[in-house]
Number of protein chains: 2
Amino acid sequence: MSDAPIIRKLSLIGLGLLGSSIAHAARRSGQVGTIHGFDASTEHRRIAAEINLVDQVAQTAREAVADADLVILCTPHGALKSLAAEICPHLMQGAILSDVGSVKSAVVTDLSPFVPAHAHLIPGHPIAGTEQSGPRAGFATLFDNRWCILTPPENADKQAVDTLTRFWQALGSNVELMDARHHDLVLAITSHLPHLIAYNIVGTAADLETVTQSEVIKYSAGGFRDFTRIAASDPTMWRDVFLNNREAVLEMLGRFTEDLISLQRAIRWGEGDTLFDLFTRTRAIRRSIIDAGQDSSAPDFGRRPKAD
Amino acid sequence: MSDAPIIRKLSLIGLGLLGSSIAHAARRSGQVGTIHGFDASTEHRRIAAEINLVDQVAQTAREAVADADLVILCTPHGALKSLAAEICPHLMQGAILSDVGSVKSAVVTDLSPFVPAHAHLIPGHPIAGTEQSGPRAGFATLFDNRWCILTPPENADKQAVDTLTRFWQALGSNVELMDARHHDLVLAITSHLPHLIAYNIVGTAADLETVTQSEVIKYSAGGFRDFTRIAASDPTMWRDVFLNNREAVLEMLGRFTEDLISLQRAIRWGEGDTLFDLFTRTRAIRRSIIDAGQDSSAPDFGRRPKAD
């Protein structure tokens, strides 16, 4: 049985960027038997069928999960509860139920009540994505060499955790197990807060009276445009992240603001050394990220504008 | 004389990213006679000579500006005053003195007292750069299709402004004339504030006790790494920007913080609509930036990690 696939039937609920990328990567892996998919949007289902994204596009979530040994929910967090209520009664014996969301404690709280004893809830979070959305946005290499964090509950079935680990490794990821609460704290600083302040500065810039919006756009190459890229991420998904990781985000935001106010004071009083020390310290962290293979050292600000 | 170069002798004081890119772009243009360069760093002068960056590497700034019809100061703002004191007595009749700094009002205040009546001070600011520094970082296409803002004083010599305009156009830039104070306000929001908050969040992340620095680095692909790229910019240059554009930066920072606190409140009270509305509004601005050719629409979060 060494050539049996890791997953016999994979069911993807939600065929946006993540769901469609999993479909591509799963096919590439050769480790998944058949892939069934469902999306609440008729348009997404139509596109998925048109581009042959999965082996079968189901007309209901319930239909998609029948007989699946792995079901992955790839929707914004807000949709999870009602989806769980619909599909959980139809999960087969031994099925693994997972997700890809950026918040993990709330997944356990929200889904556990629905999961039958014969199935295994093992939340997951691939740290990968782009600022684009929809079934056409996915691609097979999205997870290559990226981390995927699994947050199995304490009493989780070892074999199910092992299967899900091997599945994500087959998709190209490096897998890490972590406590859900700690995951939420780590992601609050590495992902949620960066998105929040990017959204915020773009909003601030849009509301100015002394600088026109067309000037903001025209001269955005000085740094601002990088924030707009992050602030172009999916609004529903991100609303749900902030509503469901409230505590950790507020904690990190409090620290950020405290530091910013002290920086503001340094600017007001002309304390150049305070500024210089911080700006030097942050350079070292950048170097570590490049050394860890988490970003490229190619100078990206010099990227070419769109030819037109 | 239609085939006379726009500039007969160009003198670049400071051979970092900007100075070296100007040298490359000026050569490419075929519109500049000879290029002389000086850098306060012996090491930079050595590298400039080694890579044949300019026609002649001078041993002093004073020597570099002799007979130059265009002198461009490409140093952090803090170095401008003492440089001006040194070179201004040696500017030739009709010479244009310019710079490339990100703050413009302070340039006029700091340099005007030194500029002789027979020379023309016309500050400039190419909105282009990368997060890298030094004489090896420059490249000829840096200014292509980018804006270069000139902020001539009210009484500026029209012909000198015209010459400097044609020079930057020959380097590939689109040139815009602007009042210095307005420039500083525009750049405060499109460049200075983005850098400040990027530096700040990287500092906040480095100081956490509940999340380790190695976790921050490991899971930085969720948004944080984009901020570290901006926060890797030159510390001296950026210290000087904040010290010399204090008023405009504090104004923009005040608005940013006000907006952020109100967002914080929306998260605390679970006001999903407030979040969703902002996150939708910011998407539209991103689209405008792409439409204006100021960034590419290629999904950049999916960029490949360094192969190693």
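**Entry 1: a loop in chain B**

I began with D67(B), which sits in the loop between helix 3 (61–65) and strand 4 (70–73) of chain B. Helices here are DSSP runs of H or I with at least four residues, strands are runs of E with at least two, and both are numbered from the N terminus. Phi of D67(B) is near 70°, a positive value in a residue other than glycine. A note to myself: this is a predicted model, where local features need pLDDT of at least 70 and side-chain atom pairs count only at pLDDT 80 or more, while totals for chains, interfaces and linings use all residues. Residues are numbered from 1 along each chain as its sequence is written, chains are lettered from A and ligands numbered from 1 in the order in which they are written, and side-chain values use heavy atoms, with hydrogens and water left out.

**Entry 2: two residues in chain A**

I then looked up N145(A), in the loop between strand 7 and strand 8 (147–150) of chain A. Phi of N145(A) is positive too, near 65°, and this residue is not a glycine. N145(A) counts as partly exposed because its relative accessible area is 35%; buried means under 20%, exposed over 50%, and partly exposed in between (1.4 Å probe, protein chains only).

D277(A) belongs to helix 12 (residues 272–291) of chain A. Its relative accessibility is 49%, so D277(A) is partly exposed. From D277(A) to P126(A) I have 151 residues in sequence and 34 Å in space, C-alpha to C-alpha.

**Entry 3: helix 1 of chain A**

Helix 1 (residues 17–29) of chain A has 13 residues and reaches 18 Å from its first C-alpha to its last, close to the expected 18 Å. That expected span is 1.5 Å times one less than the number of residues. The helix is mostly covered, with 10 of its 13 residues buried; among them are L17(A), L18(A), I22(A) and S29(A). The cover includes strand 1 (7–13), strand 2 (32–38) and helix 6 (158–170) of chain A. Just after the helix, G30(A) takes a positive phi of about 70°.

**Entry 4: the two domains of chain A**

The domain assignment (automatic or from a database) gives domain 1 (7–178) and domain 2 (182–291) in chain A. Their centres, taken over C-alpha atoms, are 30 Å apart. In contact, meaning heavy atoms within 4.5 Å, are 16 residues of domain 1 and 16 residues of domain 2. The two domains of chain A bury about 1200 Å² between them, 65% of it from carbon and sulfur atoms. Buried area is the accessible area (1.4 Å probe) that two parts lose on being put together, summed over both. On the domain 1 side, S102(A), V103(A) and E131(A) supply 41% of the area buried against domain 2, more than any other three residues.

**Entry 5: where chain B meets chain A**

How many residues does each chain bring to the contact? Chain B brings 115 and chain A brings 116. About 11200 Å² is buried between the chains, with 66% from carbon and sulfur atoms. I count eight salt bridges here, each being a side-chain nitrogen of Lys or Arg within 4 Å of a carboxyl oxygen of Asp or Glu. One pairs the side chains of E209(B) and R255(A) at 3.0 Å, N to O. Helix 7 of chain B gives the most to the side that touches chain A, with 20 residues.
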